[in-house]
Amino acid sequence: RLLLPGRDYGARVSGLLLRRHLEYLLGVWNGDGDAATKAADTSPAVVARLALHLTGTPYIGAVDFDDSGPAVSLEVGTMWNRWKPASTTSPPPQVEDILVNASALFRWAHFDGAAEYIALLRRDDTQTITTQAGYLRLTYFVPRLRSSLTLRGSLVDVRAKKPDRQLELEGDLGFYLDRHRAKAVLRYAGLLGLVASTVEHQLSLQVQLAVY
């Protein structure tokens with residue numbers, strides 16, 4: 001969501017080069033698409049992304065019961081934006097965001113995995129907040145049972161006046177009657193607050209029916 005801002009007005013140029021091995025994107029949007037902050041954007045958000053598809057096949061995350069061939073992609077991206085939050089001070093402080101990320105994606109023989117690193121630098125006249133996050137996911141699809149098993153882990157580290165560090169571990173068990181058109185996913189997640197020494201358990205069930 002941060003690398004490809006929401007639905008604000010803008011323009012982008014993208015395409016594939018070198019026999020679909022290289023994918024590029026360059027875009028300019030009116031802000032970062034996050035309307036919840038009620039912020040006033042002082043400059044357009046500039047976004048760039050570059051992906052290298054080592055196997056020549058762009059990675060597409062979807063249900064894989066067909067024993068697909070290998071697909072490996074490496075991606076890097078960045079975003080820059082300036083905005084002013086809703087504030088009682090006059091004039092409100094101008095905030096600058098610089099975000100970078102790098103990811104690796106693969107799919108082969110019913111396995112589907114991803115690894116990603118994200119860093120966000122947010123600064124104004126009073127403070128600088130640095131957020132770093134790492135993410136790992138591995139999914140295995142079981143064709144005979146029309147199901148999948150997924151393990152996820154993410155670590156977020158926020159360095160500010162009030163630092164925060166959270167570790168989330170998650171396991172999913174999915175059943176697919178018709179791929180993503182009809183499915184049920186049972187999910188357990190444990191959220192550990194490493195600074196405040198807190199533990200939160202989450203259990204959820206997602207049911208999806210779609211008609212095209």
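A polar contact is a pair of N or O atoms within 3.5 Å, where within protein one must be able to donate a hydrogen and the other to accept it, and where residues adjacent in sequence count only if both atoms are side-chain atoms. This is a predicted model, in which local features need pLDDT of at least 70 and side-chain atom pairs count only at pLDDT 80 or more, while totals for chains, interfaces and linings use all residues. Residues are numbered from 1 along each chain as its sequence is written, and side-chain values use heavy atoms, with hydrogens and water left out.

Select Arg-107 to begin, in strand S6 (residues 95-108); strands (E, at least two residues) are DSSP runs numbered from the N terminus. The side chains of Arg-107 and Asp-112 are joined by a polar contact of 2.6 Å. Arg-107 is buried, with a relative accessible area of 11%, where buried means under 20%, exposed over 50% and partly exposed in between (1.4 Å probe, protein chains only).

Next, select Arg-122 and Asp-97, whose salt bridge has its closest N and O atoms 2.7 Å apart. Because Arg-122 lies in strand S7 (residues 111-123) and Asp-97 in strand S6, the pair ties together parts that are 25 residues apart in sequence. Asp-97 is buried at 1% relative accessibility, whereas Arg-122 is partly exposed at 31%.

Move on to Arg-152, which forms a salt bridge with Asp-172, the closest N and O atoms being 2.4 Å apart, and also one with Glu-170, where that distance is 2.8 Å.

Finally, select strand S12 (residues 198-209), where the count of buried residues among the twelve is zero. Strand S11 (residues 182-193) pairs with S12 in the antiparallel sense over twelve bridges, pairing being assigned if DSSP finds at least two bridges between two strands. Between S11 and S12 the hairpin has four residues, and Ser-197 in this turn has a positive phi of about 55°. Within the pair, Val-185 stands opposite Gln-206.

Val-207, in S12, is exposed, with a relative accessible area of 57%.

Note on methods. A salt bridge is a side-chain nitrogen of Lys or Arg within 4 Å of a carboxyl oxygen of Asp or Glu.
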